[in-house]
Amino acid sequence: MRFHVGKAYDDSDVNGYQGADGRLSIIVAMGKSPDETAATSPSLPMAPLRLASRVCDIDGVGPAKARRLARLDIRTVADLIRHVPLRYERQFAEGTINDLPMEGVGTARGIVVATRTMGVGRGSQRFIATLQDHTTSLSLVWFNAGYLRKSIHPGMKLRVTGKVKAFNGYPQMSNPRWEPIDQEAEPDRVDDRLRPIYPATEDLPSARIEEIVAAALGLVADQLVDPLPAEFCRQRNMPPLAQAYRLIHQPADEEEAGVARRRLAYNELLLLQMGIALKRHYNQTMLQAPPLRFSPAIDRHIRQRFPFTLTPAQDRVVGEIVSDLSHATPMNRLLQGDVGSGKTVVALHALLLAVANRKQGAIMTPTELLAEQHFLSIQRMLEGSNVRLALLTGSRRGGTSQHAAMMRQIAAGKIDIVVGTQALLTETVRFADLAVVVIDEQHRFGVLQRAAFRQDKRDASVATKAAPGATSGKKTAGNTAHANTATNANNIAATATHRSPHYLVMTATPIPRTLSLTVFGDLDVSVIDQLPPGRSPIVTRVVGPAKSDDVYQYVAKRCAGGEQAYVVLPAIEGAEEDAPIQLKNVLDHEKLLREKYCRGLTVEAVHGRLKTAEREAIMERFRANETQVLVATTVIEVGVDVPNATVMVIEHAERFGLAQLHQLRGRIGRGVHKQQSVCVLISEPVTEEARKRLDAIAGSMDGFRIAEADLEIRGMGDFFGTRQHGLPPLRVAEIPKDMDLLRMARRDAAALVAEDPGLAGESHRALRQVLLQQYGQTLGLIDVG
Ligand code: ADP
Ligand code: MG
């Protein structure tokens, strides 16, 4: 049955739905009664298709297709159903080549009579084919697609769809959509149908995926469990989940596709907001942190340690944090501040307030390099004080007696502040009385992944602070599970609240308001929106690769005059000879600079494949200005603080995220200089989007503006430059485009949690199940429900 817009859903639509939102969380209905199963597909001799079935159980899918699907992360039928179209295209009635509309979109079929690859540079090859039918011939051109020579050969029959232009008197299509067709098959009789365009690969084009979806969808749609009650959907004029999946894959028209999209987008956003709302509820009702006493005398005492006066922005944020810390509800605050805005000292203020209250503080960093830098700079500021500081990183553990002694001191409360990496989260690290935890450069951990810190006070109760998404990081996932076990055990004994430290999460990745609502909804936000005095803005230039000779001569000149430079590349070493894309890389570039441009200077290379000790030694030489030019991958992205470095060159700049470029650029201009700091982005902007992005970064030093631009241009999916940000991916919803749905989801989630925080009500059972499936037990549902 089709969904009709404007018509309320009658119960017959709803009946038979047990099914789940797949994408965030298909709950696979297991262990159904046999007759129920039989009812789904009475005529099939094989086992009926289930959402959990492997794709090779789908009619027409053999091992080869299954392998190709796996490359799209589609392994089960549920994965397939969640693989929703990117967009739709009208299928146009097929005509002869001669009948193709000039300057219009058309579809034709023919036989490939010639192919050729043109252009050098593997990334920039054109693939050209000539297609012929009984009327005339058509030239087909694919840009940056040298790889197609492996897929399209003379003698093949193709159907192509694309915009037709005249070129040298012949019709030509650029980047047409294509599919091989059966030699004998009759042309489809096409009725202007809306066809889904799926994310696809070279050897599994969208049209094949469409066929596979068609073979499976009808058999499994009714197995999807809708997390939302039928009545709830009806009130919002949204179709039930299974109906939405049917319509998103096979809409009759744009309106149906829109209705389906809206429901699925809402579903994702609601689950996300539920996760956030439940977490917040849990934090406020079930967790208790030590309230920290604060006074002007303590404040003065702490500030005496800082070698400078705080900026007004830093002052304001310190005030916000101090106020949080004075309460028994754990602080959950996100501190945003552009690179170099001075977040560390604000964090130190919070840590020292813990120490002033005779409790412990910890600061966790994503890299050892950064931990070491924090350790050294904090050590410098605390020189001559009684505060006991320790550095704890993975590479320093090694089971040595020194390490064991440190663990004992931390557990006995004989260390006040611990600086460390994720090594802080290992099981052996137990704090005597941890009051404040700072997590620095959060985006490197995964957005919502917070830590499970352990405390050792008689009751050994554990406060889990793992937020939605925590299960994405393997290491932390293990810890979280461990912590949860403890929580539950504890919970059976007593319904008392759990102890938790206060959390301050810091990031230099500016997060637009729209996005912080989405993903950081359970955090309060503070912003340092002002740089310390004396900084001069960095000049950013975008140049083409042809200019690189000039660029490196300029680098050499600046460095010969006493300054230092970073040169950043996207790869460590050259790719295989026949790889489709060849990038400039660290190792070759180091050699080039050393031998050609920077003779007389010291050039070194640093990247993630070096051993930590080696990397640290290289960084130390750069810091000491024994090395003038540092050729690097993005390992230098966060935390590296060498004020004398004033020049940065980034090769293949189009390959980096905007936020990442901004972050990289923040490595220069960190001191007070006579000379202007300069960042050169070398790039051949291949697409309009790439050009817009580079213009945005060159035109602004304001991280927030850049972040908004990034979000607008690329959407949220890749906002953090990586896909490993620990969030349930939004496949359908788009921020900021779906802000209205986001607001609605926020309101609905808040209302649901207020009404039934444990989701214990019968009508919330499916939702509870889906949330538990998605977030694991990190939400506190167990405790509250
Ligand atoms: P980020 O926010 O990127 O972590 P840092 O905390 O590393 O920034 O600070 C950047 C630099 O600015 C450091 O060298 C720090 O000592 C310095 N700094 C921080 N606050 C001030 C201030 N109020 N006045 C002068 N220098 C400051
Ligand atoms: Mg920092």
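Which handedness does the crossing of α13 and α19 have? The crossing of α13 and α19 is right-handed, a term that applies where the near helix is turned clockwise from the far one by less than a right angle, anticlockwise being left-handed. The model is predicted, with local features requiring pLDDT of at least 70 and side-chain atom pairs pLDDT 80 or more, while totals for chains, interfaces and linings use all residues. Residues are numbered from 1 along each chain as its sequence is written, chains are lettered from A and ligands numbered from 1 in the order in which they are written, and side-chain values use heavy atoms, without hydrogens and water.

Two packed helices are described by the angle between their axes and the distance between the axes. Helices here are DSSP runs of H or I with at least four residues, numbered from the N terminus; their axes are lines fitted to C-alpha atoms over the stretch in contact, and angles run from 0 to 180 degrees between N-to-C directions.

For helix α13 (residues 368-381) and helix α19 (residues 612-623), the axes come within 10 Å and cross at roughly 50 degrees. α13 is therefore oblique to α19, the class left once angles under 35 degrees (roughly parallel), over 145 (roughly antiparallel) and 65 to 115 (roughly perpendicular) are set aside. In contact (heavy atoms within 4.5 Å) are E368, L369, E372 and Q373 of α13 with T612, E616, M619 and R623 of α19. These residues comprise two nonpolar, two polar and four charged; Ala, Val, Leu, Ile, Met, Phe, Trp, Tyr, Cys and Pro count as nonpolar, Asp, Glu, Lys and Arg as charged, and the others, Gly among them, as polar.

Helix α9 (residues 254-286) and helix α23 (residues 739-755) have axes that come within 8 Å and cross at roughly 45 degrees, so α9 is oblique to α23. Their crossing is right-handed. The residues of α9 in this contact include Y266, L269 and L270, and those of α23 include L741, L742 and M744. By class, the contact of α9 with α23 has 14 nonpolar, two polar and four charged residues.

The axes of helix α11 (residues 312-325) and helix α12 (residues 343-356) come within 10 Å and cross at roughly 30 degrees; α11 and α12 are therefore roughly parallel to each other. From α11, Q314, V317, V318, I321, V322 and L325 meet V345, V346, H349, A350 and L353 of α12. This contact has nine nonpolar, two polar and no charged residues.

Ligand 1 is surrounded by 16 residues (a heavy atom within 4 Å), the closest being Q314, G340, K343, T344 and R535. An oxygen atom of ligand 1 lies 2.6 Å from a backbone N or O atom of G340, and a polar side-chain atom of K343 lies 2.7 Å from an oxygen atom of the ligand.

Key. Helices (H or I, at least four residues) and strands (E, at least two) are DSSP runs, numbered from the N terminus. A polar contact is a pair of N or O atoms within 3.5 Å; within protein, one must be able to donate a hydrogen and the other to accept it, and residues adjacent in sequence count only if both atoms are side-chain atoms.
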